[in-house]
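I set out to record what I looked up in a structure, entry by entry. Each entry takes up one topic.

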Amino acid sequence: MELCSDRAVATLDMSQNKSKDEEPFNSDGEYESLPPHVSVMTHMTAGAVAGILEHTVMYPVDSVKTRMQSLQPDPNAQYKSVYEALKRIIRTEGIFRPLRGLNITMIGAGPAHALYFACYERVKRSLSDVIQSGGNSHLANGVAGSVATVLHDAVMNPAEVIKQRMQMYNSPYRGLWDCIRTITYNEGVGAFYRSYSTQLTMNIPFQAVHFITYELMQEQLNPHRHYHPGSHILSGAAAGAVSAAVTTPLDVCKTLLNTQENVALSSMNVSGHLTGMANAFRTVYQLGGLSAFFKGVQARVIYQMPSTAIAWSVYEFFKYFLTKQQLPQEHEAGPRPL
């Protein structure tokens with residue numbers, strides 16, 4: 001009888017160990033929250049890679065969106081759809097024309113998203129501990145996304161100005177450095193932050209809606225917060241589509257402030273440079289009515305859905321990969337002495 005009981009205990013131990021090994025990877029009970037010992041550099045590395053890929057993969061569609069938001073476009077730059085626009089741009093301006101401005105976007109996206117995701121994770125963790133005792137809090141997600149946006153836009157806004165100036169039809173700039181020198185000489189350094197308040201006004205609600213939608217989708221598709229690529233892609237795509245659609249009016253105003261569209265401003269007898277969100281709103285409405293606030297909405301949603309899906313899937317993969325690398329090191333080191 002003793003022999004049988006020993007075998008039963010051994011079999012039970014083996015089955016328990018096997019079931020533990022077969023469980024999806026889960027760090028400290030919940031993969032979604034990285035262990036406290038993970039450095040800020042881990043968050044920043046994952047964020048930088050995700051940000052660069054997010055902006056580069058769908059960049060040609062972003063170029064089309066900028067042109068479609070033009071309030072008084074040149075007859076040769078009036079497009080009916082994203083596909084038609086890309087086809088015509090490539091045919092008439094060259095295959096690399098939709099990629100113009102990509103270099104400054106990559107330069108800005110790396111550090112901007114590194115700060116963005118690192119700040120988001122830290123603020124979310126701190127607020128969730130206070131509000132939900134460590135559980136998921138939609139308020140914490142929204143506030144964390146908004147705070148992270150302030151840092152992100154401070155880095156990304158100059159890159160956005162340069163990028164959109166180079167994306168416009170008949171852009172007068174020969175290249176990146178020519179664009180920077182010309183803007184600085186003619187309009188001053190402040191031109192790179194002329195749309196900063198509008199960018200924040202757009203991106204704070206954008207990111208609040210974005211993170212809340214993503215976390216809501218994760219609750220439905222991935223309630224145990226394991227690493228699950230499909231759920232991250234679907235949640236990211238949904239979050240990108242919803243947040244992009246509802247903030248398009250602000251994006252149109254931001255584009256006008258960034259590009260200082262000469263034809264449109266001349267028709268309104270605007271002397272000098274257009275500044276301020278209120279003036280941008282007024283100008284957009286006077287030039288095109290309410291419908292003008294949704295110019296380029298199709299391109300914006302088409303751009304944001306895969307871009308956001310890519311950003312989240314890459315970011316979650318790096319979180320999973322980097323965290324998994326830490327666990328064997330912890331087991332080898334053994335428990336810390338009291």
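**Entry 1: the model.** I noted that this is a predicted model, in which local features need pLDDT of at least 70 and side-chain atom pairs count only at pLDDT 80 or more, while totals for chains, interfaces and linings use all residues. I also noted that residues are numbered from 1 along each chain as its sequence is written, and that side-chain values use heavy atoms, with hydrogens and water left out.

**Entry 2: helix 10.** I looked up helix 10, which covers residues 248-259. Helices here are DSSP runs (H or I, at least four residues), numbered from the N terminus. Helix 10 has 12 residues and reaches 16 Å from its first C-alpha to its last, close to the 16 Å expected at 1.5 Å a residue; the expected span is 1.5 Å times one less than the number of residues. After helix 10 comes glutamine 260, with a positive phi near 50 degrees.

**Entry 3: burial.** I asked how many residues of helix 10 are buried. Buried means under 20% relative accessible area, exposed over 50%, and partly exposed in between, with a 1.4 Å probe and protein chains only. I found that 12 of the 12 residues are buried, so helix 10 is largely enclosed by the rest of the structure. Among them are Pro249, Asp251 and Lys254.

**Entry 4: helix 8 against helix 10.** The axes of helix 8 (residues 196-221) and helix 10 come within 9 Å and cross at roughly 160 degrees. Axes are lines fitted to C-alpha atoms, for helices over the stretch in contact, and angles run from 0 to 180 degrees between N-to-C directions. Helix 8 is therefore roughly antiparallel to helix 10; angles over 145 degrees count as roughly antiparallel, and 65 to 115 as roughly perpendicular. Thr198, Gln199, Thr201 and Met202 in helix 8 meet Leu250, Asp251, Cys253, Lys254 and Leu257 in helix 10, where contact means heavy atoms within 4.5 Å.

**Entry 5: lysine 65.** I located lysine 65 in helix 3 (residues 59-68). Lysine 65 counts as buried because its relative accessibility is 3%. Leaving aside neighbours within four places in sequence, its contacts include Asp251 and Lys254. Gln164 is also in contact with lysine 65; the two are 99 residues apart in sequence and 9.9 Å apart in space, C-alpha to C-alpha.

**Entry 6: helix 3 against helix 6.** The axes of helix 3 and helix 6 (residues 138-167) come within 9 Å and cross at roughly 75 degrees. The two helices are therefore roughly perpendicular to each other.

Note on methods. Angles under 35 degrees count as roughly parallel, over 145 as roughly antiparallel, 65 to 115 as roughly perpendicular and the rest as oblique.
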